[in-house]
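Here is a short tour of one chain, meant to be read with the sequence and the 3D view side by side. Take a moment to turn the view around before reading on.

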Amino acid sequence: MFEWLRKRRAEEPTSVVDPVCGMSIAPARAAATRTVGTRTVYLCSPACTDKFDRDPSAFTATAPSSSHQEEKHGHRHGGGGGCC
Ligand SMILES: [Zn+2]
């Protein structure tokens, strides 16, 4: 009856994808996390963590999410800051 209460936990983190094996996991269940730049990577197991640590760039270069092309072409700063 109170099922709507469970669905409205806005603070609950969404599931993340382990870039090594591609498995979806809950952040709280990650065996380890790595911060690469502004991105946090979650590893599902020590084995995946080990693989990631050997070559982090190999797993962070390509996003395993649905949006595999993130405007890499013609990136501009159009905010009016005039940094460059
Ligand atoms: Zn994994």
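## Confidence

This is a predicted model, and its mean pLDDT over the chain is 77. A pLDDT of 70 or more is reached by 57% of the residues. Which elements mark the lowest and the highest mean pLDDT? Helix 1, residues 3-7, has the lowest at 64, while helix 2, residues 46-54, has the highest at 98. Over residues 67-71 the pLDDT is below 50, and this stretch has two contacts in the model beyond near neighbours in sequence.

## Overall layout

Counting elements, you will find three helices and four strands in the chain. Read from the N terminus, their order is α-β-β-β-β-α-α. The chain has 84 residues, and 14% of them count as buried. If you take the contacts between residues at least 6 apart in sequence, 29% of them join residues at least 24 apart.

## The hairpin of strands 3 and 4

Strand 3 (residues 32-36) and strand 4 (residues 39-43) run antiparallel and are joined by five bridges. Together they form a hairpin, with two residues between the strands. In the turn, Gly37 has a positive phi of about 65°.

Which residues of strand 4 stand opposite Val36 and Thr35? Val36 is opposite Arg39, and Thr35 is opposite Thr40.

In soluble globular proteins, nonpolar side chains tend to be buried together. Here the largest nonpolar core has nine residues: Val16, Val20, Val41, Tyr42, Leu43, Cys44, Cys48, Phe52 and Phe59. Strand 4 and helix 2 are the elements that give two or more residues to this core. Strand 4 gives the most, with three residues.

Setting aside neighbours within four places in sequence, Tyr42 is in contact with Val16, Asp18, Ile25, Pro27, Ala30 and Thr33.

Which residues of helix 2 are buried? They are Cys48, Thr49 and Phe52. Seen down the helix axis, these buried residues fall within an arc of 100°, so they line one face of helix 2. They pack against strand 3, strand 4 and helix 3 (56-60). The face turned away from the buried side carries the exposed residues Pro46, Ala47, Asp50, Asp53 and Arg54.

Thr49 is worth a look of its own. Apart from neighbours within four places in sequence, Thr49 is in contact with Ala31, Ala32 and Leu43. Thr49 and Pro19 are 30 residues apart along the chain, and their C-alpha atoms are separated by 10.0 Å.

## Two loop residues

Cys21 lies in the loop between strand 1 (16-17) and strand 2 (24-25). Cys21 and Ala47 are 26 residues apart in sequence, with 9.9 Å from C-alpha to C-alpha.

Ala31 sits in the loop between strand 2 and strand 3. Ala31 has 14 C-beta neighbours inside 10 Å, so this residue also counts as partly exposed. Leaving aside neighbours within four places in sequence, the contacts of Ala31 are Leu43, Cys44, Ser45, Pro46 and Thr49. From Ala31 to Cys48 the distance is 8.9 Å, C-alpha to C-alpha, and the two are 17 residues apart in sequence.

Note on methods: Residues are numbered from 1 along each chain as its sequence is written. This is a predicted model: local features need pLDDT of at least 70, side-chain atom pairs count only at pLDDT 80 or more; totals for chains, interfaces and linings use all residues. Two strands pair if DSSP finds at least two bridges between them. pLDDT is the predictor's confidence in each residue, from 0 to 100. Two residues are in contact if their C-beta atoms, placed from the backbone, lie within 7 Å. A nonpolar core is a set of buried Ala, Val, Leu, Ile, Met, Phe, Trp, Tyr and Cys residues joined through C-beta atoms within 7 Å. A residue is buried if 20 or more other C-beta atoms lie within 10 Å of its own, exposed if 12 or fewer, and partly exposed in between; C-beta atoms are placed from the backbone. The arc is that of the directions from the helix axis to the C-beta atoms.
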